[in-house]
Amino acid sequence: MSKISRFTSKAVRLAKNAVGGRGEAAAPEGGGGFADYAVVSLHCLRIYLEKSYREALDLLSEMPQILAEIGLEPGDLPHHSTLVKAFDRFEMKIWRVLLRLSAQLHDTADHAAMDATFFDRETASKHYCRRTNYRVQTLKTTALVDTKTQAVLDVHCTTEKRHDTQIGWQLALRNAGEIASLAADKGYDWQQLREKLREEGVRPLIKHREFRPIDCAHNARIDGSLYGQRALSETVFSTIKRTLGHAVRARAWYREFREIVLMCAVYNIKRAVNQ
């Protein structure tokens, strides 16, 4: 079985769990619509193939065995506008559930690392930029990564200028029950963040900026081997950008956020397939 076939099989299973579509026919019957799990699976394949909506559907029309994994035939493929509208219709919670399920494909540990990067918002025409006030050219993405398996546990996206510590606390709070320690660089140096993490039972491994001797003493007590694993989050970002793209294709900010979460889910599934 090829990698894309194994990927599709796992993506379909997770999609069914995410949308609750077990037993439903993938293709429209009697004037109905496509099953939600089939549409989610097609979006996963679109990201996996690194193609636009039209290009992905053209390629899949030549892959009957892959479509059979979803329950579709080449003649059943939807119009690209149907996929676009579905991506607009599905709320973020669907993609977050898919991301969480994809992380569960891995035997994760209790130590996580956090870091941020920027994804490009693809260059739009000057007319479009003027019409929509499209000025922000990058999308800040912060990921919580399991250091044992390098699986993405959670992700946060924003186009605003928010401090790393605030985003870090939001991510950590959502996942406090699943991690025992959290490593991050000095950009997350905030004493209140450390205190909040300890209150949630999470050991903070965040070095202090060294302004006083006591800061050096605090840093000396940090477990060097665990703290050094924070660099794995940069490795994950590098892999995602290299294999799935460094830019988002969507235009509206909320679609871009969903696309980033979907990219992380696809990365997790691909990693599980390759193991």
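Me: What percentage of the 275 residues of the protein chain count as buried?
Reply: The model is a predicted one, and its protein chain has 13 helices and 6 strands. A residue is taken as buried when its relative accessible area is under 20%. Of the 275 residues in the protein chain, the share that counts as buried is 49%.

Me: Which radius of gyration does the protein chain have, beside that of a compact globule with 275 residues?
Reply: The C-alpha trace of the protein chain spans about 70 × 45 × 30 Å along its principal axes. For 275 residues a compact globule would have a radius of gyration near 19 Å, and the protein chain agrees with this, since its own value is 20 Å.

Me: Which residues have the most contacts inside the largest nonpolar core?
Reply: In soluble globular proteins, nonpolar side chains tend to be buried together. Here the largest nonpolar core has 60 residues, and its largest share, 11 residues, comes from helix 13 (residues 253-274). Apart from this core lies another, of 17 residues, including A112 and I179. Within the largest core, the residues with the most contacts are F7, L98 and I240.

Me: Is R194 buried or exposed?
Reply: R194 is found in helix 9, which covers residues 191-199. Leaving aside neighbours within four places in sequence, R194 is in contact with D189, P204, I206, K207 and H208. Because the relative accessibility of R194 is 2%, and the cut-off is under 20%, R194 counts as buried.

How values were computed:
Residues numbered from 1 in each chain as written. Predicted model: local features only at pLDDT ≥ 70, side-chain atom pairs only at ≥ 80, totals over all residues. Heavy atoms only, no water. Helix = DSSP H or I, 4+ residues; strand = E, 2+ residues; numbered from the N terminus. Buried < 20%, exposed > 50% of the residue type's maximum accessible area, 1.4 Å probe, protein only. Contact = heavy atoms within 4.5 Å. Core = buried A, V, L, I, M, F, W, Y, C linked by side-chain atoms within 4.5 Å. Rg over C-alpha atoms; globule rule 2.2 N^0.38 Å.
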